[in-house]
Amino acid sequence: MSVDFTDRTNRPGKILALHLNYPSRIAERGRSPKFPGYFIKAATSIANTGDTIERPKGTELLAFEGEIALIIGETCRRVSPEEGWSKVSGITAANDWGLYDLRHADKGSNVKNKSGDGFTPLGPEVIPAADLDPQALRVRTWLNGNLVQDDTTAELAFPFGQLVADLSQLMTLEAGDIILTGTPAGSSVAQPGDVVEVEVDAPTAPGAPSSGRLVTNVVESAYEMAAFGAQPKVDDTQREEAWGSKAKAGLTDPRAVITQELREKVAETAVATLWAQLRKRGIENCSIDGPTTNHPGRRILGYAKTLRYVPNREDLFKKVGGGYNAQKQAMDSVKPGDVVVMEARGEKGTGTLGDVLALRAQVLGASGVVTDGGVRDSAAVAELDIPVYSNGSHPAVLGRRHVPWEFDATIACGGTTVQPGDVIVGDDDGVIVIPPHLFAEVVNDAFEQEKQDAWVFDQVKAGNKVDGLFPPTGEWKQKYEAWKAGE
């Protein structure tokens, strides 16, 4: 059945949209919602197949999101998840367009970002819901004829019946209301001149019913954003989220600085030598002083994942210290190759890490943990396959001295500053922090210095004096260069 949703007789009273639902999109975003989260779009944003969408002058991040739209068939309130699907009369294709340039102006409401004219095309055909399995639907999106989104409803985080039930707990859902159910991975940016098509179907249902292709043509607006309103503003974070990845956005991945070649060189280079190279570049305060390793002989190399504790204050601990606090959230959000670095103000009188959270970091692929505080369950932590640097052991729980406060922020650990994404290197001598933009040159020069030092060591071992040899000057310098050329 074809429906003109822009006709006032068919226009929904409300359009309710879900943030995250498809596992592929959740993995792409790196956020795992515990419950559904929504926003509302203006009914005047609705468009039909074949209509145009304007990208305002001076903006760059107009992004498409192919989705399945649920059409509420009867007025309902406080239904159960089991009843929810029965309140849906039909489904169709939707494109939840958004202008990332204006996300900053909305404070999460998505009013200007998502409710522009033409920002919610629907159709062209409505598939009756009565005979459909809500877990056997498919949504696909094409950009200029290329398939860019292709996913099913088999493993949604929040099934459609739950969405209807959840929304109906606080508001009356009326016949004709639309629920946009989230987009899968592959959402990206469209440019003026692009054509975006979305199709929803039920490929295993009798007759394989389909919504048909919902077509939107992207054009450049003749108008710029008015000066009396919020102006377009983007940064690399918005570009990455709009395009779907750093690579698609043409951004350099800050986590790509540790190449395999540099990793191999670090494995053969002492932290002391790396520190010396940083000193040559005017950076002396780059060591995390105090913490020692519980795995002698093991090295760590990775990107800083920061966590900060503030001094315990009972009212604050009661407010934010329990439950799923910043410490647990930080450990749950660890990525492979991270080194968790904790600011504990050098306070040794309690544990900042135990065996369970150390294991969590290990399971998620962390390269190590560094804290300038104490560790409890130290014997169990030492048995894990993850190096931990700390200021010692203590049996007390975290709350004795600390409130877990924030993560992924700039911190102070062991007397130096650590920012998220800094490169952390540690061996038996200790741990240092290397700014990512200096990592390659520091490692390459330190590796060369290690070769020279090894050659000098052999010369001293052979009975030569260190004068003029350590470091090589004059004749010794020439001998070293000749040896290196003959390697």
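# A walk through the predicted chain

F64 and W97 are both buried, where buried means a relative accessible area under 20%, exposed means over 50%, and partly exposed covers what lies in between, with a 1.4 Å probe and protein chains only. The model is predicted, so local features are given only at pLDDT of at least 70 and side-chain atom pairs only at pLDDT 80 or more, while totals for chains, interfaces and linings use all residues. Residues are numbered from 1 along each chain as its sequence is written, and side-chain values use heavy atoms, with hydrogens and water left out.

Rings of Phe, Tyr and Trp (the six-membered ring of Trp) count as a pair if their centres lie within 6.5 Å; planes under 30 degrees apart are stacked, over 60 edge-to-face, and the rest tilted. The count by this rule is 6 aromatic pairs. In the pair of F64 and W97 the ring centres are 6.2 Å apart and the planes stand at 75°, so this pair is edge-to-face. F64 belongs to strand β5 (residues 62-64), while W97 sits in the loop between β7 and β8 (98-99), so the pair ties together parts that are 33 residues apart in sequence. Elsewhere, one aromatic cluster is formed by W455, W476, Y480 and W483.

Now the chain as a whole. The protein chain contains 14 helices and 27 strands; these are DSSP runs numbered from the N terminus, with helices (H or I) of at least four residues and strands (E) of at least two. Along the principal axes, its C-alpha atoms fill a box of roughly 95 × 55 × 50 Å. Of the 487 residues in the protein chain, 47% are buried. A contact means heavy atoms within 4.5 Å, and among contacts in the chain with a separation of 6 or more, 77% are between residues 24 or more positions apart. The chain exposes about 22,300 Å², of which carbon and sulfur atoms supply 51%; accessible areas come from the Shrake-Rupley method with a 1.4 Å probe, and for residues only the protein chains shown count as cover.

The interior can be described by its nonpolar cores. A nonpolar core is a set of buried Ala, Val, Leu, Ile, Met, Phe, Trp, Tyr and Cys residues joined through side-chain atoms within 4.5 Å. The largest one has 31 residues, and I68, L70, W85, I91, L132, F160 and V164 have the most contacts inside it. Two or more residues of this core come from each of β1 (15-18), β6 (66-72), β7 (88-95), α5 (160-168) and β15 (195-201). The element that gives the most is α5, with 5 residues. Another core lies apart from this one and has 21 residues, including Y309, A330, V340 and M342.

Which residues does W85 touch, not counting those up to four places away in sequence? They are L70, I91, A129, L132, P134, F160 and G161.

I288 has its place in strand β17 (residues 287-288). I288 is buried, with a relative accessible area of 3%. Leaving aside residues up to four places away in sequence, I288 touches V341, V370, C413, G414, T416, V418, V431 and V433. I288 and D151 are 137 residues apart in sequence, and their C-alpha atoms are 46 Å apart in space.

N144 is in the loop between β11 (138-143) and β12 (146-152). Its relative accessible area is 41%, so N144 is partly exposed. Not counting residues up to four places away in sequence, N144 touches G193, D194 and V195. From N144 to V310 there are 166 residues in sequence and 52 Å in space, C-alpha to C-alpha.

Some loops have backbone features to look for. The peptide bond from G123 to P124 is cis, with omega near 0°, and P124 lies in the loop between β9 (120-121) and β10 (127-128). F470 and P471 are also joined by a cis peptide bond, with omega about 5°; the place of P471 is in the loop between α13 (439-461) and α14 (474-485).

R78 is not a glycine, yet has a positive phi of about 55°. R78 is found in the loop between β6 and α2 (81-84) and counts as exposed at 54% relative accessibility. D408, likewise a residue other than glycine, has a positive phi near 60°. D408 lies in the loop between β23 (402-407) and β24 (411-413) and is partly exposed, with a relative accessible area of 39%.
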